[in-house]
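I opened this structure to look up a few points and wrote down each one as I went. The entries follow in the order of looking.

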Amino acid sequence: PQTAYHAPHGCPPFTVHNEITGEFLTRETWEGMPASARESAAFDLATFLRSLHALPIKIGLECGLVQIEADEIARRLRDETANTIHRFLEQETQRKLDQTLKRWSLQRAARRPALLHCDMGPGHVLYNPSTLHLTGVIDFADIVIGEPARDFIYIYEDFGSGLLREVLTRYAGKDASKMMPAIQKWYLLEAISWTIGMYVEQHEANLDHGLAEIKRELANVAVR
């Protein structure tokens with residue numbers, strides 16, 4: 001949206017923009033759309049992400065945005081898992097998790113960093129139920145600087161492989177499949193971090209879900 005800057009006398013400055021109308025796009029909604037509408041939605045999401053990722057990161061750096069790196073996160077999570085969730089995992093899963101995090105902690109991202117929305121889930125993508133066109137993406141509270149693959153993890157998790165495949169094809173063309181290892185890496189890092197949070201907060205049901213997700217994603221990593 002095009003924002004307008006306001007600084008009323010005696011008040012803190014703020015920005016405003018026109019309301020972005022629409023309903024939340026969900027996996028069920030997308031899968032129930034006609035083929036042409038599904039293609040249009042995938043094109044719009046890919047266009048949004050390409051446009052966002054093409055912006056100069058200097059803008060974000062000047063605003064003090066955090067820059068995230070997978071190797072640094074993997075290094076931190078390797079230490080944290082040893083002291084938290086390791087004991088809940090089978091021995092073989094423990095070994096795979098430690099080896100995977102160790103390997104990732106020694107790898108630096110090959111792609112240039114970009115501005116990331118960082119929360120491209122169903123609650124932040126809006127569409128018009130009448131026209132079936134996307135109307136906007138909202139909530140930039142989590143914006144950071146990092147590897148573009150990070151912006152696809154909730155499409156991977158919440159929208160499913162169908163929409164992810166369509167978006168990636170329109171985002172990266174013939175290089176779409178090459179992005180999957182990085183997407184799955186970022187997704188697993190996020191799953192580990194979330195599961196540790198559930199352990200700290202003592203949410204037993206969510207902890208079990210997180211542990212199962214880690215085991216499943218480690219199997220995907222092992223296949224590559």
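I began with D139, which at 36% relative accessibility counts as partly exposed; buried means under 20% relative accessible area, exposed over 50%, and partly exposed in between, with a 1.4 Å probe and protein chains only. The model is predicted: local features need pLDDT of at least 70, side-chain atom pairs count only at pLDDT 80 or more, and totals for chains, interfaces and linings use all residues. Residues are numbered from 1 along each chain as its sequence is written, and side-chain values use heavy atoms, with hydrogens and water left out.

Entry: I found D139 in the loop between strand 6 and strand 7 (144–146); helices (H or I, at least four residues) and strands (E, at least two) are DSSP runs, numbered from the N terminus. D139 is not a glycine, yet its phi is positive, about 65°. Most residues other than glycine have a negative phi. I noted C118 for a positive phi as well, about 80°, and it is not a glycine either. C118 sits in the loop between strand 4 and strand 5 and is buried, at a relative accessible area of 10%.

**Entry: helix 2.** I read helix 2 as residues 35–54, 20 residues in total. From first C-alpha to last it reaches 28 Å, close to the 28 Å expected at 1.5 Å a residue; the expected span is 1.5 Å times one less than the number of residues. Its buried residues include A37, S40, L45, L49 and H53. I listed their packing partners, among them helix 1 (27–32), strand 4 (114–116) and helix 7 (161–172).

**Entry: T84.** Is T84 buried or exposed? I have it as buried, at 12% relative accessibility. T84 lies in the loop between helix 4 (70–83) and helix 5. Leaving aside neighbours within four places in sequence, T84 is in contact with I196 and Y199, contact meaning heavy atoms within 4.5 Å. I also checked T84 against L163: they are 79 residues apart along the chain, and their C-alpha atoms are separated by 34 Å.

**Entry: helix 5 and helix 8.** I took helix 5 (residues 91–105) with helix 8 (residues 176–201), which pack at an angle of about 120° with their axes 12 Å apart. The two helices are therefore oblique to each other. Helix 5 brings L97, L101 and W104 to the contact, and helix 8 brings K185, L188, L189 and I192. I sorted these residues into six nonpolar, no polar and one charged.

Terms used. Axes are lines fitted to C-alpha atoms, for helices over the stretch in contact, and angles run from 0 to 180 degrees between N-to-C directions. Angles under 35 degrees count as roughly parallel, over 145 as roughly antiparallel, 65 to 115 as roughly perpendicular and the rest as oblique. Ala, Val, Leu, Ile, Met, Phe, Trp, Tyr, Cys and Pro count as nonpolar, Asp, Glu, Lys and Arg as charged, and the others, Gly among them, as polar.
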